[in-house]
Amino acid sequence: MDPDRFTQLDATTWQIPQQGNMRVPGILYADRQLISDMDAKVWEQLTNVAALPGIVQAAYAMPDAHWGYGFPIGGVAAFDPDQGGVVSAGGVGFDISCGVRTLTTGLSVDELQPHRETLADFLLYRIPAGVGSTGRIRLKDAEMTAMLEGGADWAVRQGYGRREDLERIEEHGRMAGAVPEAVSERARKRQRDEMGTLGSGNHYLEVQAVSEIYDPEAATAFGLQPDAVVVSIHCGSRGLGHQIGTEFLREMALSAQQYHIRLPDRELACAPLNSPLGERYLGAMRAGINCALANRQILTHLTRDVFAHVLPEADLQLIYDVSHNTCKEETHTVGGEKRRLFVHRKGATRALGPGHPDLPEAFLDSGQPVLIGGSMGTASYVLAGMATSEGRSFASACHGAGRAMSRHQATKRWRGEDLIDELAGRGIIIRSHSYRGVAEEAPGAYKDVSAVVEAAEQAGLARKVARLRPLICIKG
DNA sequence: ATGTGC
């Protein structure tokens, strides 16, 4: 899209001034090139979000923004419940609490090298992945309820992972305020045998090497050294989150009129935060967050099992787990005043700056680790939250490279088999259950993750700490 | 994202 549709405030801050039915301005953080490559739908969707009741300060889009359902992916919007603020299922996204966690292994690239193929084979064998993948765990009704309430804390109690992992997860691994009764029978049924599964699409488990350090002090706090091997897991709440999203989206669209909400786009279906429907969605969504946290915790356990078998000297320690599809009640400073707001982050990561009380002690000086997943075969980044992000985006940053091309377009342009060969030639092992899935995730179908990260840093959202290059990638 | 869907 043409960057000149925006009012440019500085090199990486672009504004859509408040106009028409907008209640606040729209703000996009990106550079000129990223905006030129961006879908014009981002402009339209940001304008629509800015028109929703009770929105505070501005509707924001991160540098990896692209066209999503209703809200842009890479969007941040905060609402005040006392000013008619709303919660929107489309503003959270279908894959509730989709996110990334990264673990150190204590291994160097040289130590891993001779075992790479074996490790890849075992990971593919042990990590359930792909469309409709199921695991060995079957949850009975009471266990499902306990999982939806307890999240990763429940998983640890079941023997998946270690208690110290929990301090390295947002909300200490358990999202408070979950209401399992608000989750439908159908959603629970879909999830019954999907715990500890990776899923498909852009989800992955990747073994990576630290290829560059930008901020040695923060890197040390995160446990990252040059040439260290780490593991990143990217996945979400599987069938359960999707079912919750589908059901509430429909219900919110049907009840908009009853709540006197004029929707600029039907896809922005929402309900007042202070309404039975809004509260019920929040309860179900928080249960969905717990499902995703438990899922990543179980996958961590399976990964540790594989390493124990192939490389017993490894010790997998969790750096941090971040969600990038959520709506959370948080305190933010708006115009010098502290307010309780409900912050939607859809394809956007929380990025708390140094000293924030919700941070684990180890990160008080550095700020929160912000994990940026690259596309298959390209680099990932570890960033750290900056103090400036609070005023710029309610303490949020980008979440990944962001698609530049549709899945359909990508399958016409690339073949999975060719991509796997090409990446193998560059020392990257891809193991997947679907060639088509690999083609859809072709590196060329994504934006340049380095440009996204540079723009985020320049905009004061998060600063670079380290770059990770892929060694092994397990895909759905 | 998703028991991928016109």
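**Where is His203 placed, in which loop and between which helix and strand?**

His203 sits in the loop that runs between helix H7 (185-191) and strand E8 (204-213), where helices (H or I, at least four residues) and strands (E, at least two) are DSSP runs numbered from the N terminus. This is a predicted model, in which local features need pLDDT of at least 70 and side-chain atom pairs count only at pLDDT 80 or more, while totals for chains, interfaces and linings use all residues. Residues are numbered from 1 along each chain as its sequence is written, chains are lettered from A and ligands numbered from 1 in the order in which they are written, and side-chain values use heavy atoms, with hydrogens and water left out.

**The annotated pair**

An unreviewed UniProt entry places the feature "binding site" at Asp95 and His203. They span 109 residues in sequence, yet no two of their C-alpha atoms are more than 10.9 Å apart, so they gather at one spot. Such annotations may be inferred rather than shown by experiment.

**Surroundings of each residue**

Asp95 belongs to the loop between helix H3 (89-92) and strand E7 (99-108), and with a relative accessible area of 18% Asp95 is buried (under 20% relative accessible area, with exposed over 50% and partly exposed in between, for a 1.4 Å probe and protein chains only). Not counting residues up to four places away in sequence, Asp95 touches His203, Gly236, Ser237, Arg238 and Asn325, contact meaning heavy atoms within 4.5 Å.

His203 is also buried, at 9% relative accessibility. Leaving aside neighbours within four places in sequence, the contacts of His203 include Asp95, Cys98, His234, Cys235 and Lys475.
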